[in-house]
Amino acid sequence: MATRRAWTAWRAPQASKKPPGRRNIKTAEPPRTWRIVRGDKVGVINGPEAGKVGTILRVIRERGTVLVDGVRLKERVMPPQEGSAERQITTYETPVHVSSVQLIDPSDGKPTKIRMGVDDDGKAVRLSRRTGTPIPKPEYADSEAGRKAAEFKNKYEDKFCDTSAVEAARVTYHPSALSFEEEVIASLNGLEIDWSRLADIRLDEPVPEPHA
């Protein structure tokens with residue numbers, strides 16, 4: 001008696017049919033090299049929000065997506081706060097695939113593809129393919145994303161389990177040329193190691209036995 005298995009030829013025509021109510025969803029892979037960084041000014045080139053211009057707030061490299069300021073906003077209903085019975089509605093950005101955005105050309109303010117070049121100092125620089133204009137990488141502190149992060153940092157208050165900035169910056173280890181055992185002895189007894197005496201000790205000499 002012949003066995004009919006799911007991967008035999010007689011199942012091939014049935015397996016090629018799409019299941020009802022399902023569709024093929026193509027997933028885009030992350031790029032191998034990243035030319036867009038946080039703080040860049042980009043424009044959306046496809047999708048329902050094509051034509052919008054914003055600043056990169058965050059780069060999610062493992063997923064190949066970015067967060068653009070003011071692009072793909074969604075609303076979130078927050079519960080009422082203390083002293084207020086009304087709910088608050090806040091907006092937040094959702095990820096956009098990096099292939100849907102392009103850098104803005106500084107010369108004409110339009111999205112453009114880029115290529116890598118070398119400046120007069122021999123450093124790699126991004127160049128517009130359309131006009132050849134250099135597109136330098138922005139300083140994060142001077143960008144809008146950096147200002148938002150600084151505002152959040154200034155408003156943040158330390159919680160009970162947080163380590164304060166003073167404790168985090170305090171130096172607790174001082175490197176020295178002593179071995180671990182010598183550091184322990186010096187810290188416990190407050191002794192100073194006489195290096196001139198240690199230098200005269202030879203390892204091949206027998207260790208004298210302690211007096212009874």
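Tutor: Let's begin with a definition: two strands pair if DSSP finds at least two bridges between them. Keep in mind that this is a predicted model.

Student: Okay! How many bridges join β2 to β3?

Tutor: There are 4 bridges, and the two strands run antiparallel. I56, for instance, stands opposite V68 in β3.

Student: And what lies between β2 and β3?

Tutor: They form a hairpin with 4 residues between them. In that turn, G64 has a positive phi of about 70°.

Student: Which strands make up the open sheet?

Tutor: It has 6 strands, in the order β6-β3-β2-β1-β7-β8, with antiparallel pairing.

Student: Which ones stand at the edges?

Tutor: β6 (96-97) and β8 (111-112) do. Each has a single partner strand, so one side of each is left without a neighbour in the sheet.

Student: What about β3 and β6, how many bridges there?

Tutor: 2 bridges, again antiparallel. T65 stands opposite H97 in β6.

Student: Is T65 buried or exposed?

Tutor: T65 is buried, along with L67 on that side of β3.

Student: New topic! Which residues gather in the patch of positive charge?

Tutor: R35, K113, R115 and R129, on the surface.

Student: Where does R129 lie?

Tutor: In the loop between β10 (124-128) and β11 (134-135). R129 has a relative accessible area of 56%, so it counts as exposed.

Technical notes:
Residues numbered from 1 in each chain as written. Predicted model: local features only at pLDDT ≥ 70, side-chain atom pairs only at ≥ 80, totals over all residues. Heavy atoms only, no water. Patch = residues over 30% accessible without salt bridge, like charges linked within 9 Å, V, L, I, M, F, W, Y side chains within 5 Å. Areas by Shrake-Rupley, 256 points an atom, 1.4 Å probe, with all protein chains shown as cover. Salt bridge = Lys/Arg side-chain N within 4 Å of Asp/Glu carboxyl O. Lys, Arg positive; Asp, Glu negative; His and termini not counted. Charge placed at Lys NZ, Arg CZ, Asp CG, Glu CD. Buried < 20%, exposed > 50% of the residue type's maximum accessible area, 1.4 Å probe, protein only.
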